[in-house]
Amino acid sequence: TKLILLDSLLQEMALANHGVGAEGLLAAQSALSGSGDQYGNDSRVEQLWAMKAMDHAEVYFNLLCSVEPSRLKLTGSLESDDAIYKHFKEAFPSLELGKIAENDLKSEESKKAWREFSESYKTLEDYSFGSLLRLDASKDYSEENTIIAIKIQFLAIEIARNREGFNDKIRGNFKPTVRKPKQTSSAQSPVTRGGVNVSEIEHELQQIIGGQHPILK
């Protein structure tokens, strides 16, 4: 039942032109189908996770396509980004940021190290929430290039990638995706999935293109 609900949601989002594109949808479907035990038994949580993870991946990759990665403050605070980066480099000094292997996150040894690292960020909002992480920093989200991580892993790895130049080539090789606006009546209620307003992602993309997204400031 769990995977049927997730697959149904992903297909609906694809038909509504709401997601990270065909490759991204495949990536999320593939990752989710292999890790159903990570999300508990509440289908509402699973649906919300699927939507938020895909929205986050789309917004983030559009940011990488639009601006210099070193400008980004992924936590919204330069001080917080600095602290995470420093801790990450101390805890994982030899982690290859350009091409991460699944074992870097999923082996028993790695899981223990990440668990200890994550303990320091329990006060960070949704620190253990699921995120989609690219294995190869030079490529887009795709079925073979996507792995499920938790939020603090995503933040630590992507902050380091942005600061050390691993995401610099994205702007030259990819263009941001701007989806077609949906035609809705002003009298209609906002379209939501899992309680989240799906128009918010469109607004964020417009902010990205205009250079006004809060994460850039």
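**Rings around a buried helix face**

Start with Phe 92. This residue is buried, with a relative accessible area of 11%. Anything under 20% counts as buried, so Phe 92 qualifies. Keep in mind that the model is predicted.

Now look at Trp 114. Trp 114 is buried too, at a relative accessible area of 3%. Phe 88 is also buried.

How do Phe 92 and Trp 114 sit together? They form a stacked aromatic pair. Their ring centres are 4.1 Å apart, with 25° between the planes. This pair links distant parts of the chain. Phe 92 is in the loop between H4 and helix H5 (103-106), while Trp 114 is in helix H6, 22 residues apart.

A search of the whole structure finds nine aromatic pairs. Another of them joins Phe 88 and Trp 114. It is stacked as well, at 6.1 Å centre to centre and 25° between the planes. Phe 88 lies in helix H4 (residues 78-91) and Trp 114 in helix H6 (residues 108-118), so this pair ties together parts that are 26 residues apart in sequence. Ring pairs link Phe 88, Phe 92, Trp 114, Phe 117 and Tyr 121 into a cluster.

Turn to H6 itself. Which of its residues are buried? They are Ser 110, Trp 114, Phe 117 and Ser 118. Seen down the helix axis, they fall within an arc of 90°, so they line one face of H6. Their cover includes H4, H5, strand S2 (146-150) and helix H7 (151-163). The face turned away from the buried side carries exposed residues: Glu 108, Glu 109, Lys 112, Arg 115 and Glu 116.

Conventions:
Residues numbered from 1 in each chain as written. Predicted model: local features only at pLDDT ≥ 70, side-chain atom pairs only at ≥ 80, totals over all residues. Heavy atoms only, no water. Phe/Tyr/Trp six-rings, centres within 6.5 Å; stacked < 30°, edge-to-face > 60°. Helix = DSSP H or I, 4+ residues; strand = E, 2+ residues; numbered from the N terminus. Buried < 20%, exposed > 50% of the residue type's maximum accessible area, 1.4 Å probe, protein only. Arc of directions from axis to C-beta. Contact = heavy atoms within 4.5 Å.
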